[in-house]
Amino acid sequence: MNAVVPLSALLDARQVWRGRTPEVRVGDQPTGWRALDAVLPAGGWPEASLSEILLPVDGVGELRLVLPTLARLTQGQRNVVIVSPPYTPCVAGWRQQGVNMRRVEFVDAGEKDVLWATEQCLRSGSCAAVLAWPHHADDRALRRLQVAAVTGQTLAFVFRDRSHLSNASPAALRLELEAPPRPQIWVRKCRGGAVPAQAIPLPRSVH
Amino acid sequence: MLWLCIYLPSLALDGILRRRPTEGPLVLVDGPINARTIVSANETARAAGLHVGQRLSAAQALLSQFEAIPYDRESVERWHQFLAAVAYRYSSEVSLLPHAIVLEVSKSMGLFGPWPRLESMLRADFTDLGFRHRIAAAPTAHAAHVLTMVSDGQAVLSSDTLRNALQRVPIARSRLPANALAALPSMGIRTLGQVLALPRDGLRRRFGAELLASLDRLTGDLASGLELYRPPDTFDLHIELLHEVENQSALVFPVRRMVDDLAAYLAGRDGGVQRFLLRLEHREGRFTDVPVGLLASERDGALLFEFARGRLEHLTLPEPVLALRLIARDLPAFVPAGRDLFDERPANALPIEQVRERLRARLGDGAVYRLGSTQDPRPERAQHEATHDQAPIEPHPRPTWLLPRPIPLRGENPIILAGPERLETGWWDDGQVCRDYYVIETSLGQEAWAFCAPDEQTGWMIHGWFA
């Protein structure tokens, strides 16, 4: 064994179990959920990459997951684009979560144009985050979005049905939301680290 | 004072060639129908022996195949005006001379740089627009005009050297009054220098005061007396297509040219355009209008073209197009977007406004919007499309998704997480509601915002999701 492996590389790869809980490294794009940040290799959303969020049904916490991020970005006067949301966003609810609505652009795109509009926004580099609900997105379409996110240095979020979980995806991060018996998040894929074995509970918005 | 003159030797021909580039021989003809003569010929035609002043019948004897287009005075006048508007970008004192544009540039050089740079900028502009030109500068407008007749790129920057420069100009190119032009060579006078050396009294007796005035305007002893050009406040460009166009993709090239002309005009008046109209003209006066509206004023040619093309692509032509017209009346001031010195965005980032325009061009004008709150407590009317948002934050729980219309809840009884919040309002405009709103959890684990009739807790209607 001539090769000298730096200890930090082993620790970062998280193949060594450590008895003492390490300090949570806060990344450049924290999700706003401490428990989630702690398990993600980047300490938050993977920067300038595509994150895929898989849902069993609409309305199980997918916005709760990303609204802290949107609030942080829009309060920093960065632009956020929402492409073809499945419902009308409720302004009062979004503002309660701290989102500055002046910085949020909504785009109504037809089924065929969702991916095009998303890619345009990502590639432009003028948005901090782009959220999209594509109807039909295959592996190639998602790869285009991933490349566009890298080009424009933008956070990309794609919301899809859970049935796509079995298909491979080029996204840097795949999260699955689960509703009953209690809302929780499974990390299904995360680039640059091992997939954590446990689900992370997602607190309710109303107590 | 320093006047720059741009001489346009083939204004009419260039105006036609930029619309339909052709390699083959092409001439412009003018005159009575039975005695047509060539007034302008392109290089291929000249190489074949056709020349200006030749009878059309003689030309047809020389060359069997060539295009002859009637000389259109009106379109030449339009191009002349248009190029003056382009030159207006460089100076506020622009005047029209026959086949030429003169502009006073002594102050412009402070802004655009010394003479060589200013000259190359103007040349680049005119070359891009497809007009051949010759440029000269002199302390008087008329002298600059005469200098373009003998050479290209000559700059006489001071009055002292002006007389020297004019010395060698042949009489035929001197643009003096016609009677003098005809008589002087036969008197043995071949250059302007010789005319200037003649005694003035004798010249006045022989040719009248007009010749002396022309000479004085050349040397600057008399004010040029030119009328200053003022750019029009609206842009209206009309071009005839050479054949009927049935496919919209064939319109792309002419539209590109027109939009570039609009951009050049806008740059000249330091303005932008917010709304313009592309009119596709069909037979018998019918037309199709393609309005192009922008969120903010723009003036970049490539951008304007992209938006115009986006609108054109959606169009199916009802009948063939014969001519195109571009009308821009709404020309507000152009305010370039401010950029932060310590900008965090990537260097090649497009401004968000351009992204919005690009999306609107393809998806429709109403497809990109922002939402803001209103003062109305009813959820259906609590928000609208707006760019500002000043209402206070709602203290009661509000969902993040709102359903376009409430849907009934099926299945088991839900778990009530919060509520009720009674909304009883809207009596003033026939939209009265009286509901108790609750936050509930459905059997699928979704958190919903639902209402029922006051004090009933049955007949749940879901109005939103706490997603």
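**View 1. Chain A of the predicted model, seen as a whole.** In this predicted model, 50% of the 207 residues of chain A count as buried. The chain is built from 6 helices and 9 strands. Among contacts in chain A between residues at least 6 apart in sequence, 65% join residues at least 24 apart.

**View 2. The contact between chain A and chain B.** Here 44 residues of chain A are in contact with 47 residues of chain B. On the side of chain B that touches chain A, at least two residues each are supplied by helix H15 (352-363) and by several strands, including E13 (368-369), E14 (371-373), E16 (401-408) and E17 (415-425). Strands E19 (447-452) and E20 (461-465) of chain B likewise each supply at least two. The largest share, 7 residues, comes from H15(B). By residue type, this side of chain B divides into 28 nonpolar, 10 polar and 9 charged residues.

**View 3. Strand pairing across the two chains.** Strand E4 (residues 104-107) of chain A pairs with E13(B) in the antiparallel sense, over 2 bridges. Within this pairing, A:Val107 has B:Val368 of E13(B) as its bridge partner.

**View 4. Strand E20 of chain B and the strands paired with it.** Of the 5 residues of E20(B), 4 are buried, so the strand is largely enclosed by the rest of the structure. E16(B) runs antiparallel to E20(B) and is joined to it by 4 bridges; B:Leu402 has B:Gly464 in E20(B) as its bridge partner. E19(B) also pairs with E20(B) in the antiparallel sense, over 4 bridges, and B:Ala450 stands opposite B:Ile462 in E20(B).

**View 5. The largest nonpolar core.** This core has 86 residues, and those with the most contacts inside it are B:Leu4, B:Cys5, B:Ile6, B:Ala87, B:Ala144 and B:Leu262. Helix H13 (residues 252-268) of chain B gives the most to the core, with 8 residues. Residues come from both domain 1 (3-24 + 66-160) and domain 2 (235-330) of chain B, so the core lies between these domains. Not counting residues up to four places away in sequence, B:Leu262 touches B:Phe235, B:Val273, B:Phe276, B:Leu304, B:Leu326 and B:Ala328. Another core, of 85 residues, lies apart from this one; A:Leu63, A:Leu155, A:Ala156 and B:Ala450 are among its members.

View 6. Strand E1 (residues 3-7) and strand E7 (residues 134-138) of chain B pair in the antiparallel sense over 5 bridges. In this pair, B:Ala136 of E7(B) is the bridge partner of B:Cys5, a residue listed with those having the most contacts inside the largest nonpolar core.

**View 7. Helix H11 of chain B and the residue after it.** Helix H11 (residues 200-207) of chain B is hardly covered, as the count of buried residues among its 8 residues is 0. Just after H11(B), B:Gly208 takes a positive phi of about 90 degrees.

Technical notes: Residues numbered from 1 in each chain as written. Chains lettered and ligands numbered in written order. Predicted model: local features only at pLDDT ≥ 70, side-chain atom pairs only at ≥ 80, totals over all residues. Contact = placed C-beta atoms within 7 Å. Nonpolar A, V, L, I, M, F, W, Y, C, P; charged D, E, K, R; others polar. Pairing = 2+ DSSP bridges. Buried ≥ 20, exposed ≤ 12 C-beta atoms within 10 Å, placed from the backbone. Core = buried A, V, L, I, M, F, W, Y, C linked by C-beta atoms within 7 Å. Domains from an automatic or database assignment.
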